[in-house]
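Student: I have a model open and would like to learn how to read it. Can you take me through it feature by feature?

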Amino acid sequence: MDKKDFIEWARKLQQSYQSSGDVKSKLAKVDLLAIVGPTGVGKTTLINQLKVPSVLSDVTRDLREGEKNNQNYHFREDYLDILKEIKSGEFAQFLVSDTDDFYGTHANAYPDEGWCSMAIFATAIPDFRKLGFRKVVPIYIMPPGYVEWMRRIGELRAGDLNVRIAESITSIKTALVDSDYNFVLNDNMELALKDINAIMNGEQVDEHRARLAKESADILLERLGDQDDSMYFSKV
């Protein structure tokens with residue numbers, strides 16, 4: 001089976017997909033720390049520093065510069081095997097992206113119980129909430145400032161940069177209108193990790209830093225030319 005045929009099948013199966021009973025039973029014992037945020041804010045670095053298992057997605061897209069198989073994602077080309085795993089309900093969830101690539105999290109990627117972390121698009125959080133995890137805790141990571149953020153992503157090609165900025169606008173808007181999000185400022189990795197661990201443990205976070213992170217989200221929207229969308233701006 002080639003990739004084109006696989007994607008057509010996966011897209012047909014996506015809307016009615018249900019994971020198996022065994023997978024649902026497993027997820028019911030798992031607490032998902034959903035790490036969300038614009039590109040280039042350090043989500044992967046923070047996940048690698050957290051002392052909880054990280055969940056790697058299975059993907060069919062090509063590796064990007066700097067990525068490694070089985071470290072960033074499980075890059076797969078065994079399309080017939082993936083299709084068999086879909087039909088037997090072995091994925092917690094999956095989707096076919098606008099770029100015609102498969103993204104899914106296999107049940108084996110999750111721990112048997114307890115905390116795990118995963119980088120997730122903000123628009124996908126509602127779907128993850130429906131999967132039956134014991135809890136889903138979304139944390140939105142913000143960069144220390146607009147200038148630093150632009151420096152980090154400035155090396156992207158023009159087309160990629162425009163796509164990433166558009167994704168970032170949608171992501172920030174989505175998080176600002178969802179009261180369950182915890183905003184964390186990644187200006188200092190040690191402090192950001194401290195804030196994340198406090199959230200996981202149900203402890204009080206630094207209110208000043210949390211407020212700065214949310215204000216940073218408003219500022220980024222303004223600098224990206226979205227200041228007229230005032231309904232999305234947080235009230236702090």
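The dialogue below covers the sheet, the helices on it, and the aromatic rings.

Tutor: Some ground rules come before the features. This is a predicted model, where local features need pLDDT of at least 70, side-chain atom pairs count only at pLDDT 80 or more, and totals for chains, interfaces and linings use all residues. Residues are numbered from 1 along each chain as its sequence is written, and side-chain values use heavy atoms, with hydrogens and water left out.

Student: In what order do the four strands of the open sheet run?

Tutor: Helices (H or I, at least four residues) and strands (E, at least two) are DSSP runs, numbered from the N terminus. Two strands pair if DSSP finds at least two bridges between them. Here the order is β6-β1-β7-β8, with parallel pairing. β6 (114–119) and β8 (182–185) are the edge strands, each pairing on one side only.

Student: How many bridges join β1 and β7?

Tutor: Six bridges join β1 (residues 30–36) to β7 (residues 135–142), in the parallel sense. Isoleucine 35 has isoleucine 139 in β7 as its bridge partner.

Student: Which strands does helix α8 touch?

Tutor: Contact means heavy atoms within 4.5 Å. Axes are lines fitted to C-alpha atoms, for helices over the stretch in contact, and angles run from 0 to 180 degrees between N-to-C directions. Helix α8 (residues 189–200) packs on the sheet and touches β1, β6, β7 and β8. Its direction makes about 160° with that of β8. Helix α9 (residues 207–223) lies across β7 and β8, at about 90° to β8.

Student: How many aromatic pairs are there?

Tutor: Rings of Phe, Tyr and Trp (its six-membered ring) pair if their centres lie within 6.5 Å; planes under 30 degrees apart count as stacked, over 60 as edge-to-face and the rest as tilted. The count comes to ten aromatic pairs. Take tyrosine 17 and phenylalanine 94: their ring centres are 4.9 Å apart and their planes at 70°, so the pair is edge-to-face. Tyrosine 17 is in the loop between α1 (3–14) and α2 (21–27) and phenylalanine 94 in strand β4 (residues 91–96), so the pair ties together parts 77 residues apart in sequence.

Student: Are tyrosine 17 and phenylalanine 94 buried or exposed?

Tutor: Buried means under 20% relative accessible area, exposed over 50%, partly exposed in between (1.4 Å probe, protein chains only). Tyrosine 17 and phenylalanine 94 are both buried. Ring pairs also link Phe6, Tyr17, Tyr79, Phe91, Phe94 and Phe102 into a cluster.
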